Amino acid sequence: MQVLSHPEATNDPKDPRNREVVFPAYDIQNGNLATPINSSPLVKAYINSLPAYRSGLSPLRRGLEVGLAHGYWILGPFAKLGPLRDTDIANLSGLLSTIGLIIISTLAISLYANTNPPGPTTTITTPNPPDAFKTEHGWNEYAGGFLIGGVGGAALAYFLLTNISLFKNFATGL
């Protein structure tokens, strides 16, 4: 494990600051600490490859990707753990519940956009946050993409859940 040294420490091995693993990054008062986890190249590469931080994407595309993922995975808990889980309409109720939650989340994102939010903060894992989240227009585009992607992801998950027996028969050759 790589031990991160204190930025003000000397090269003296007896200096106790050279044995510290966690130290403040940038400004001490913002609570952003450099640890072996969040400052490792693997974690930085993973975080910066997520749609919210990947460079070169429009706000609509960011929202579309995030919405697709959320719409797809949210349907499962609603359909399989909801109050109608043992009925014939479990998957349909899960789809409608998921779409309702996606609409509520989109409204929350739009409301946040209209509050004139501060720009994104530079951190250790995200040294170059996208400019799209600096404006109300960027956040509203993100919300629109999130809505479209969320409903699309939920519809895909619903299609797969309702036709699982068809896929099972196709895979087994029956």
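A quick word before the clicking starts: "helix" and "strand" here refer to DSSP runs, with helices being H or I stretches of at least four residues and strands being E stretches of at least two. Keep in mind, too, that this is a predicted model.

**Stop 1: the two annotated spans.** Select residues 89-113 and 142-161, which UniProt lists as "transmembrane region" in an unreviewed entry. Colour 142-161 and you'll see 100% helix and 0% strand, with the end C-alpha atoms 28 Å apart. Residues 89-113 are 96% helix and 0% strand, and there the end C-alpha atoms lie 36 Å apart.

**Stop 2: helix H4.** Now widen the selection to residues 136-162, which is H4, with 27 residues. From first C-alpha to last, H4 reaches 39 Å, close to the 39 Å expected at 1.5 Å a residue. Show the side chains next: the buried residues of H4 include Gly-138, Gly-145, Gly-149, Gly-150 and Gly-153, along with Trp-139 and Phe-146. What do the buried residues of H4 pack against? Bring up helix H2 (59-81) and H3, and there are the partners.

**Stop 3: the largest nonpolar core.** Pick Val-66, Ile-102, Ile-109, Ala-113, Phe-133, Trp-139, Tyr-142, Ala-143 and Phe-146: these nine residues make up the largest nonpolar core. H3 and H4 are the elements giving two or more residues to this core, and H4 gives the most, with four. Zoom in on Ile-102: leaving aside neighbours within four places in sequence, Ile-102 is in contact with Gly-71, Phe-146, Leu-147, Gly-150 and Val-151.

**Stop 4: Thr-98.** Stay with helix H3 (residues 90-113) and click Thr-98. Is Thr-98 buried or exposed? Thr-98 counts as buried because its relative accessible area is 0%, and the cut-off for buried is under 20%. A polar atom of the Thr-98 side chain lies 3.5 Å from the backbone nitrogen of Leu-75. Beyond the neighbours within four places in sequence, Thr-98 is in contact with Gly-71, Ile-74, Leu-75, Phe-78 and Ala-154.

**Stop 5: Thr-125.** Finish in the loop between H3 and H4, where Thr-125 lies. Thr-125 is buried as well, because its relative accessibility is 16%. Its side chain makes a polar contact with the side chain of Thr-123, at 3.5 Å. Select Asn-38, Val-43, Lys-44, Ile-47 and Asn-48 to see what Thr-125 is in contact with once its neighbours within four places in sequence are left aside.

How values were computed: Residues are numbered from 1 along each chain as its sequence is written. This is a predicted model: local features need pLDDT of at least 70, side-chain atom pairs count only at pLDDT 80 or more; totals for chains, interfaces and linings use all residues. Side-chain values use heavy atoms; hydrogens and water are left out. Buried means under 20% relative accessible area, exposed over 50%, partly exposed in between (1.4 Å probe, protein chains only). A polar contact is a pair of N or O atoms within 3.5 Å; within protein, one must be able to donate a hydrogen and the other to accept it, and residues adjacent in sequence count only if both atoms are side-chain atoms. Contact means heavy atoms within 4.5 Å. The expected span of a helix is 1.5 Å times one less than its number of residues. A nonpolar core is a set of buried Ala, Val, Leu, Ile, Met, Phe, Trp, Tyr and Cys residues joined through side-chain atoms within 4.5 Å. UniProt positions are given in the numbering used here, feature names are shortened, and annotations may be inferred rather than shown by experiment.
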